[in-house]
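Grab a pencil and open the structure viewer.

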Amino acid sequence: MHVVELLELNFKIPQFQRPYDWGNEQVFDFIEDLRECQVKGNSLFLGLVVLHPDSGVFSIIDGQQRLTTLMLSIAAVGGENKILRVVDGMTRTWVQPRVADISFTTSIINNSSEQPETLSQWLMQSAHKKLGEAKDLSLDTLLNCEVIAYVAPNLAGATRLFERINLRGKKVCEFDLVKNKLIEWAALVEGEEARRKLEEFITRRYDRLYALMDPSAEEQPYNSDKLLRIHWILFSDNQFKSGERVLDKLDLWINLHISSGLSGLVEDYLNSLVQAAEVWVWVERPYIVSRPKYGNELHQALLDFAKLDRDGELQPLIVSSILKFGSKAETLIRFCEINSVRSALARKNSNHGRSIKWRLARQLYNGSLVDGQDRLITTPQGVVHQLFWLNTPYWSKDEASNYGDPFTDEEAASEIIPAESMDDPTFLTRYRSLVHYLFWKYGQYLLAAKDWKVKVSFDINPFQESVWFDDGAASFRKWDIEHIYPRNPDDRETKKGHEFRIKMKDWLNHLGNLTILPISDNRGMGNAVFIEKLEWMREQKKVPFNELLADKSYTGNMMDAPHWGPNNCKKRVQRIREFADIAWGGQAVTDLGVGPYDDRIRGYEEDVSDIEETT
């Protein structure tokens, strides 16, 4: 049927559907398809839409993005009167959006100035603007578009058809497939009233989930499939492997437990998913979402952990700890940061010991986490002790000795010791992803350190969360990594310059020879020798670790003036190590609850082999 005929019907988007998500590329493709058909005098075929009757209107099960964009297109070319109608004395749109977007969608069509609050609203506004800029498109072209409309007799039938259609085309996210599967299961509930109540429950829970995951305007969408996996790791008592699908595991779980009551199973699962999602969106983006009831300290711990960008395998444990311990979960999150830093410096992948981390998370979530003597673990410190002994590398040989582990030279030779890795001459090439995080934490430390805070000053404090998480050019994450002694010094052609360049060959990528500078500041220095570069950096007064380069008590004597040399690199790494020992060393983990290896740890040897298998 043509769109002009489709306009005689009324449609709505059910609350269990995801918000509008067409981006620029899809809108541009739609415009180009319309233009091509307009030039050739053809009708654009928009494909199949799947509907089901619902209280006098048709609910859109498949095709909501296309029909919403079509409605915005008609409004953009002057056809507002075609898509606005009065129902029971109220003005409504031809395609009624999700409840949260009704007012905003109407304002777009009426060309009023309501500001978008969520990503979906911003995308609708953006689509309407781009469609309006396509001045060559005519209303007739839009009204002549063709659609095949299939009306399913019930909701479950509509979702099954949607799934079969889309699995042959573009990939459908697993989050939506799980929703469809739950609706299919609901159709098996005996009794029309009980079936209707379960479908309404699924709708309310998914409405809540999509509201949680519709971020602020212009932010990137959340990865709903990631949420699905993290929740299943917590929810299921069985081990979950990274390559498995939640859809398959959920289907199997319902089949195995259906005798206990289908409605209860679906409700338990969705209530648990929403509970996890309410915390997960905060854990995933603490720089956008806040949860004041948990306190500033916990929020800051999440911000610090997020900077590492190694969250995948520890997120389930962090989510479960917040649900279990509330604001006291700060202790465990701080330790997760230490675990991640040590593992990164030890050159272990973020999935190192995945099954251990997930087991701790799952058992903490369902209240079955016990120590080696079957005593229930009820404190963050108790979990910290487990995570340390089952998964965390030693910081140094001294730490191993202090905890009663002799850690032989042969064992040490087979491991990268995190503390010692800071002296790696290839630090930049091996640990580039850590450099910005390390200097951020180091800069904060220097501003508060007794020996150094009195020696630094600056015009603007860069160590604010907005400076780290901002996506603009001023973001700390985008500052240049600068070699203090340059890779191509200006005096390299002179005899002394050539000789010193050879001397510094093995120190170029050493941590002691690295710093961070704002992009605009760094480009002005070029490859000047250190004496010239130092004065220029000091004038900027941007970060304490650069200002201290002029302090002999910090960097040592300039034995190779005018060059920054190996002696200075060694001295500077010694200073950075002092900070690192405080931040991630032995005392830090002791303060968070780690004690000597004892009877609280069960199956340490077995868990170690488990680490090897999963990595």
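**Exercise 1: a hairpin**

Which residue takes a positive phi in the hairpin of β2 and β3?

*Solution.* Start at the turn: there are 2 residues between the strands β2 and β3, and Ser 55 is the one with a positive phi, near 55°. Keep in mind that this is a predicted model. Next, look at how the two strands run: β2 and β3 (residues 57-62) are antiparallel and joined by 5 bridges. To find one of these partners, go to Asp 54, which is bridged to Val 57 in β3.

**Exercise 2: another partner for β2**

Do strand β2 (residues 45-54) and strand β7 (residues 146-151) pair in the parallel or the antiparallel sense?

*Solution.* These two strands pair in the parallel sense, over 5 bridges. For a spot to check on screen, pick Leu 48, whose bridge partner in β7 is Ile 148.

**Exercise 3: sorting ring pairs**

Work out how the rings of Phe 175 and Tyr 210 are arranged.

*Solution.* A search of the whole structure gives 38 aromatic pairs. For Phe 175 and Tyr 210, the ring centres are 5.7 Å apart and the planes meet at 75°, so this pair is edge-to-face. Now place the rings: Phe 175 sits in helix α9 (residues 174-186) and Tyr 210 in helix α10 (residues 192-212), so the pair links distant parts of the chain, 35 residues apart. Both Phe 175 and Tyr 210 are buried.

Trp 440 belongs to helix α22 (residues 427-448) and Trp 468 to helix α23 (residues 465-469), so parts 28 residues apart in sequence get tied together. Trp 440 and Trp 468 are both buried.

**Exercise 4: charges over rings**

Which ring does Arg 285 lie over?

*Solution.* Arg 285 is over the face of Tyr 222, 4.1 Å from the ring centre. Then find Arg 347, which lies over the face of Tyr 431 at 5.9 Å from the ring centre.

**Exercise 5: a residue in a loop**

Why does Asn 513 count as buried?

*Solution.* First locate Asn 513: it is in the loop between α24 (495-503) and β9 (514-517). Its relative accessibility is 0%, so Asn 513 counts as buried. Beyond its neighbours within four places in sequence, Asn 513 has contacts that include Glu 482, Trp 507, Trp 564 and Cys 569. Cys 569 is itself buried, with a relative accessible area of 0%.

How values were computed
Residues numbered from 1 in each chain as written. Predicted model: local features only at pLDDT ≥ 70, side-chain atom pairs only at ≥ 80, totals over all residues. Heavy atoms only, no water. Helix = DSSP H or I, 4+ residues; strand = E, 2+ residues; numbered from the N terminus. Buried < 20%, exposed > 50% of the residue type's maximum accessible area, 1.4 Å probe, protein only. Contact = heavy atoms within 4.5 Å. Pairing = 2+ DSSP bridges. Phe/Tyr/Trp six-rings, centres within 6.5 Å; stacked < 30°, edge-to-face > 60°. Lys NZ or Arg CZ within 6 Å of the ring centre and 35° of its normal.
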